[in-house]
Amino acid sequence: VVLFFDPIVSLDNAATPIVCILSGFLQQRFGPLRVLELACLPYTVGWLVAAVSTSATHLYISRILVGVSHALLATTVYTVEIASKEMGEPIPCGKQY
């Protein structure tokens, strides 16, 4: 049995801790809603890069971008859930009547 390690699947987890720390600063500066909106950009670009990739390098870049997005999403949603009403702004979800 030959086992090998391919770092492609771990790259998104490697980027997450660094971006989680930066996410707090971004939330203080721009607000949680803007950071949540910002998280959509690297996620979309990451999956587009994966869809058109022609080499392993493209997949590495894709996974890093998706990891950045996951970190932004996770920390922003967590912050909004635990933040006081004065600190957080409401994030619309679904139809607003």
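Colleague: Is Leu-65 buried, partly exposed or exposed?

Modeller: In this predicted model, Leu-65 has its place in helix α3. Its relative accessible area is 24%, and since buried means under 20% and exposed over 50%, Leu-65 counts as partly exposed.

Colleague: Which residues is Leu-65 in contact with, leaving aside its neighbours within four places in sequence?

Modeller: One of these residues is Val-45, which lies 20 residues away from Leu-65 along the chain, although the two C-alpha atoms are separated by 7.3 Å. With the neighbours within four places left aside, the contacts of Leu-65 are Pro-42, Tyr-43, Val-45 and Gly-46.

Colleague: Is Thr-75 buried or exposed?

Modeller: Thr-75 is placed in helix α3, which covers residues 56-82. Its relative accessibility is 15%, and because buried means under 20%, Thr-75 counts as buried.

Colleague: Which backbone oxygen does the side chain of Thr-75 reach?

Modeller: Beyond its neighbours within four places in sequence, Thr-75 is in contact with Cys-20, Ser-23 and Gln-27. The backbone oxygen that its side chain reaches, at 2.8 Å, is that of Ala-71.

Colleague: How many disulfides does a search of the whole structure find?

Modeller: A disulfide is a covalent bond between the sulfur atoms of two cysteines. Cys-20 is partly exposed, with a relative accessible area of 26%, and Cys-40 counts as partly exposed at 46%. For a disulfide, a pair of cysteine sulfur atoms has to lie within 2.5 Å, and the number of disulfides found in the whole structure is zero.

Key. Residues are numbered from 1 along each chain as its sequence is written. This is a predicted model: local features need pLDDT of at least 70, side-chain atom pairs count only at pLDDT 80 or more; totals for chains, interfaces and linings use all residues. Side-chain values use heavy atoms; hydrogens and water are left out. Helices (H or I, at least four residues) and strands (E, at least two) are DSSP runs, numbered from the N terminus. Buried means under 20% relative accessible area, exposed over 50%, partly exposed in between (1.4 Å probe, protein chains only). A polar contact is a pair of N or O atoms within 3.5 Å; within protein, one must be able to donate a hydrogen and the other to accept it, and residues adjacent in sequence count only if both atoms are side-chain atoms. Contact means heavy atoms within 4.5 Å.
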